[in-house]
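This briefing covers a sheet, a helix packed on it and some aromatic pairs. Please have the sequence and the structure open while reading.

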Amino acid sequence: MERRSFIGALTAASLGVGIAESFTRFAQARNIAEGVSSPGHAAKKGEFSENSTVVLVHAAWADGYCWSNIILPLERHGLQVICAPIPLTSLTNDATALSWALERTTGPVILVGHAYSGAVIAAVGGERVKSLVYITALAPDKGETVAKVFYLNPSNPEAPKMAPDSHGLIWMPEDGFRRAVAHKASPDQTSIAAAVQRPLSIQCIQESAPVPLWKSKPSWFLIAEEDRMINPKTQHFMADRMGATVRSHRVDHTPMYSEPQVVVDIILEAARKTLLQ
């Protein structure tokens, strides 16, 4: 090779190596700043172990969509999150479905229930369940029905009048979302909630509850002081009977829509108290 060609090739190769090394150093620095793993550096981790899971359980007239404002904030703290689909056909069937969802997890678990599903999260077992979080939820004791605790105190004047149809299914009137289920949410949000609602079988509220898990697990209770579906007095009674850690706020029946940070905060409080031990 001629001297000029050889020098040119050597210069190009050296330049290429230099550029590559510069990009490598830049990438490593950026990875460290952003918490991405690189040789010799551990990835940034959340405050919880990798297999710590929050299982969110929807209520009547809803599905996992109701937790859409809650999922990502919890994940940003290093928690795994799943929304357990329950069929809303009976308390036993719903508890079974939740148990199947728990089989998808491998580590410590926090169960979070909203409204009706407060009865559901208390009807399962398992050593890996570390605590329960009740979001304006119902908590029947052994032998009680959901209907019994729901009607402990008078209903709000804005609460909808409901009755089962010919199939034994209870549907929420469309204006019930706007007037009572989520009266502090946006009109768009209540319209979507009404459109995606799923009916509740009458068997869900007439079946007696088993020995509830809150008798043996620590629990947290978010009381909605402006709830138009479950009387706040009833919520206070249930939370006191459970010996729950109570957080009371001037929110409506579905704070996941109108005040999601309040919901995130109480779940994180339970997680820090029971998953970091």
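How many residues has H11, and how far does H11 reach from its first C-alpha to its last? Helix H11 has 15 residues and reaches 21 Å, close to the 21 Å expected at 1.5 Å a residue (the expected span is 1.5 Å times one less than the number of residues).

The model is predicted: local features need pLDDT of at least 70, side-chain atom pairs count only at pLDDT 80 or more, and totals for chains, interfaces and linings use all residues. Residues are numbered from 1 along each chain as its sequence is written, and side-chain values use heavy atoms, with hydrogens and water left out.

**Sheet**
- An open sheet of 6 strands has the order E2-E1-E3-E4-E7-E8, with parallel pairing (strands pair if DSSP finds at least two bridges between them; strands are DSSP runs of E, at least two residues, and helices runs of H or I, at least four, numbered from the N terminus).
- Strands E2 (80–84) and E8 (245–249) each have a single partner strand, so one side of each is left without a neighbour in the sheet.

**Helix H11**
- H11 (residues 260–274) packs on the sheet and touches E1, E3, E4, E7 and E8 (contact means heavy atoms within 4.5 Å).
- Among the buried residues of H11 are Val 262, Ile 266 and Glu 269 (buried means under 20% relative accessible area, exposed over 50%, partly exposed in between, with a 1.4 Å probe and protein chains only).

**Aromatic pairs**
- The count is 3 aromatic pairs (rings of Phe, Tyr and Trp, its six-membered ring, with centres within 6.5 Å; planes under 30 degrees apart are stacked, over 60 edge-to-face, the rest tilted).
- The ring centres of Tyr 134 and Phe 221 are 5.8 Å apart and their planes are at 5 degrees, so the pair is stacked.
- Both Tyr 134 and Phe 221 are buried.

Note on methods:
Axes are lines fitted to C-alpha atoms, for helices over the stretch in contact, and angles run from 0 to 180 degrees between N-to-C directions.
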